[in-house]
Amino acid sequence: MENFTLAMPATIEAALAAAQEPDAKFIAGGTDLMQLMKDHVERPQRLVDLEGLPLDTFTIGADGARIGALVRMSDLADDPAFRRHYPVVAEALVASASPQVRNMATIGGNLLQRTRCGYFRDVGFAACNKRQPGSGCAAIQGVNRLHAILGGSDHCVATHASDLAVALVALDAAIEVQGSGGTRNVPITEFYLLPGNTPERETVLMPGEIITAVLVPPSGSGERSHYLKLRDRASFEFALVSAAVVVAIEDGRIRAARVAMGGVGTRPWRLPAVEAALASAAMTPEALANAVAQAAEGARPLAENGFKIPLMQRALARALLTVTA
Amino acid sequence: MNEFEVSRRRFIGASAAAGGLATASGISCAAVAQTGSPPTRTPEMIDMTLEVNGRRHALTVEPRTTLLDALREELRLTGTKKGCDQGSCGACTVHVDGRRVNACLTLAARCQGKAVTTIEGLSRDGELHPMQAAFLAHDGLQCGYCTPGQIMSAVALVEEGRAVSDSAIREWMSGNICRCGAYTHILAAIKDVVQGG
């Protein structure tokens, strides 16, 4: 790991000012950034430590939840009231990483974690457009079993690794962002960018901006939710495929549904066609199967990850059967 | 500490010193020159106090020094192990302010004012912590390299109230990898502590 200078500001304003210096990076829990720095993927001259900022609390009220960006993953997942209101988020958090990592990692940092694409994380490979714009993509013709089948471009097919983000997309959450120019709220469905020609740009965050909070709408009446994660080993692993489903049930039928999936897209993947098929649907295996059949619409599998299409459909089917049971 | 342990530790220390001499004689310098690595940036050293196992230590660290390296290289508390150095194996698990964390992913300079507990801080009045005793009684190890991290994680797991079933223990111990595969005995040791306590 290269050396750096460490700034430890106590206010948001001081943190934003400290990040004005060239090659500065913010550090929160540090569980991802430390890995990237050790592997020389990130080589900041200056780290701005966010831990001293007053962003480590969350509230749940009639208007929904406001989660400070520095709340630790474990603290949010362990809160009984939060678990009751937002089971899909709590399940996604507990399915993430390890107990030790969850004790360190923050909500804001989780949303900004970088892809697990091995070519991105190994500087021994010259070609990675995300790490070195214009250098090519080693994954498209390489080892790509874990890569995206949705949202990829000729320049990048890396998946987004966050489970939390998938659950928040299904809840229509918003991200509160602050920079020297002020504060703004961005719907999470617009927060992440498709790779296109610029895979090095992953979110709408501008340089020097930080996430200050995540805003989650109140859970509706009759709403049930669930997060299902499938992976190569039982725990402490990133998703091959995951599904976040939020279903409003009325008189034995599905009134409305919101569905997002992880492990399949270059960003947390919302599935509007499935949602449309589920609206007003009966809770029968046939109706669910009809909706699930549209899950992989537009998928473009690579040489090694075609299995993600049926896995995606089956994961979604199981999540829907669980939540409507 | 028995005779064997003392002599073994002395042997390891002497070997490490010999390795250091070999490095100073130019072997690793030549390797760096060949790979064309850029010169290391001059660090701005940080003076700090690190509280470990109830004792305060005055330290001067580089900003990039991890808690793991500060414990092992500066304080010579080598019970905490470096496995993957990437947060993936759990061998470096310690408690910071009562929470289990990966010391390899923690910057030492960010631990000022916090209380760190390592495997060396578990025993009381010369008596092993019940979890240490249970790992011995149940053979919860083969090579033993992951054991300090396993025990630190297991102690935290019980305090967190997670040890409610075999599957819950397995899930909440998943941040600690055992290359020898002693998982069955590790599970038995943890259950023993829960049932005995």
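1. Reading chain B from its N terminus, the elements come in the order α-α-β-β-α-β-β-β-α-α-α-α. That gives 7 helices and 5 strands in chain B. Please keep in mind that this is a predicted model.

2. How much of chain B is buried? Of its 197 residues, 37% count as buried. As for contacts in chain B with a separation of 6 or more, 56% of them link residues 24 or more positions apart.

3. Over in chain A, have a look at the open sheet of 4 strands, which pair antiparallel in the order β9-β10-β11-β12. Strands β9 (223–230) and β12 (269–270) of chain A are at the edges with a single partner strand each, so one side of each has no neighbour in the sheet.

4. Strand β11 (residues 253–262) of chain A runs antiparallel to β12(A), and 2 bridges join them.

5. Another is α13 (residues 308–324) of chain A, lying across β9, β10 and β11 of chain A at about 35° to β10(A).

6. Finally, the domains: chain A is divided into domain 1 (5–49) and domain 2 (223–324). Between the C-alpha centres of these two domains of chain A there are 36 Å.

Key. Residues are numbered from 1 along each chain as its sequence is written. Chains are lettered from A and ligands numbered from 1 in the order in which they are written. This is a predicted model: local features need pLDDT of at least 70, side-chain atom pairs count only at pLDDT 80 or more; totals for chains, interfaces and linings use all residues. Two strands pair if DSSP finds at least two bridges between them. Two residues are in contact if their C-beta atoms, placed from the backbone, lie within 7 Å. Axes are lines fitted to C-alpha atoms, for helices over the stretch in contact, and angles run from 0 to 180 degrees between N-to-C directions. Domain bounds come from an automatic or database domain assignment. A residue is buried if 20 or more other C-beta atoms lie within 10 Å of its own, exposed if 12 or fewer, and partly exposed in between; C-beta atoms are placed from the backbone.
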